[in-house]
Every structure is written in structure tokens, then in C-alpha cells.
Amino acid sequence: MSPRYRSGSTSAGTVIAVIADVMAVILGLWILMYLLDANRANDLVRFVHDAANWLAAWSRDLFTFDEEWARVVFGYGLAAVVYLFIGHAIAGRLRRH
């Protein structure tokens, strides 16, 4: 395979890894904001919350802990870990080919 094609797959892998990282950062930021009781009337907090809700729609209510903080940490945290794992796995495969 020529170097031209390899650099294209490397670039695609980098883009996928960065997207996965940004998604995980948004989810982690929401967890931190929730735990620190950030002002939900603030535009930044509202944006991060809305983005995190969208990203974690599939895992947000997966756990039924009695404590709300545990549901937030595990629901949003699971989504962050899955995005990181899948994103970096795909990026690694693209970089190898």
C-alpha cells in the first residue's frame, strides 16, 4: 500500500479519536458540573447538559440506584467509556491499515 493511502487512514483515525475524546469530555464535564451543583440557568451549563443528554440517551437511565448522583455518574460515565473505547479501537484499526 502506498504511503498516500496510509496517511489518509491515519488522518481518519486521528479524527475519529478526537471526536471520541470530545464526546467523553462533554460527558465528563456534565458529571463534574452535576456533582459540583453547577447553576443550571447558566448557558454553558445548559449547553453541556443538553449535549450530554443527547450523547448518553441510550445509557442515561440504564441504572436504577437510589441516589441520583450515582445514576448520573454511572449512566453518563458508561457512555463516556464506551465512546472512548469504540472510538479509539476504530482509530487504531484505521491507523494499522
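Me: Where is Ser 59 found?
Reply: Ser 59 sits in the loop between helix 2 and helix 3. Helices here are DSSP runs of H or I with at least four residues, strands are E runs of at least two, and both are numbered from the N terminus. Before we go on: this is a predicted model, where local features need pLDDT of at least 70 and side-chain atom pairs count only at pLDDT 80 or more, while totals for chains, interfaces and linings use all residues. Residues are numbered from 1 along each chain as its sequence is written, and side-chain values use heavy atoms, with hydrogens and water left out.

Me: What makes Ser 59 buried?
Reply: Its relative accessible area is 0%. Buried means under 20%, exposed means over 50%, and partly exposed is in between, using a 1.4 Å probe and protein chains only. So Ser 59 is buried.

Me: Which residues does Ser 59 touch?
Reply: Skipping residues up to four places away in sequence, Ser 59 touches Gly 75, Leu 78 and Ala 79. Contact here means heavy atoms within 4.5 Å.

Me: How confident is the predictor about the protein chain?
Reply: On pLDDT, the predictor's per-residue confidence from 0 to 100, the protein chain averages 92, and 91% of the residues score at least 70. Confidence is lowest in helix 1, with a mean of 87, and highest in helix 2, at 98.

Me: Why is Phe 63 with Phe 65 called stacked?
Reply: Rings of Phe, Tyr and Trp (its six-membered ring) pair if their centres lie within 6.5 Å; planes under 30 degrees apart count as stacked, over 60 as edge-to-face, and the rest as tilted. Phe 63 and Phe 65 are 5.7 Å centre to centre with 20° between the planes, so they pass both tests for a stacked pair. They form one of five aromatic pairs in the whole structure.

Me: And what makes Phe 63 and Phe 74 edge-to-face?
Reply: Their ring centres are 6.0 Å apart, which is within the pairing limit, and the planes are at 65°, so the angle puts the pair in the edge-to-face class. This pair links distant parts of the chain: Phe 63 is in the loop between helix 2 and helix 3, Phe 74 is in helix 3, and they are eleven residues apart. Ring pairs join Phe 63, Phe 65 and Phe 74 into a cluster.

Me: What is the largest nonpolar core, and which members touch the most others?
Reply: A nonpolar core is a set of buried Ala, Val, Leu, Ile, Met, Phe, Trp, Tyr and Cys residues joined through side-chain atoms within 4.5 Å. The largest one has 16 residues, and Leu 27, Trp 30 and Tyr 76 touch the most other members. Helix 1 (3-35), helix 2 (43-55) and helix 3 (68-96) each give two or more residues to this core, with helix 1 supplying the largest share, six residues. In soluble globular proteins, nonpolar side chains tend to be buried together.

Me: Why is Trp 30 called buried?
Reply: Trp 30 has a relative accessible area of 2%, so it falls under the buried cut-off. Trp 30 lies in helix 1; beyond four places in sequence, its contacts include Val 45, Ala 52 and Tyr 76. Trp 30 and Val 73 are 43 residues apart in sequence but 9.3 Å apart in space, C-alpha to C-alpha.

Me: What makes Asp 37 count as exposed?
Reply: At 67% relative accessibility, Asp 37 is over the exposed cut-off, so it counts as exposed. Asp 37 is in the loop between helix 1 and helix 2. Although not a glycine, Asp 37 has a positive phi of about 55°. Most residues other than glycine have a negative phi.
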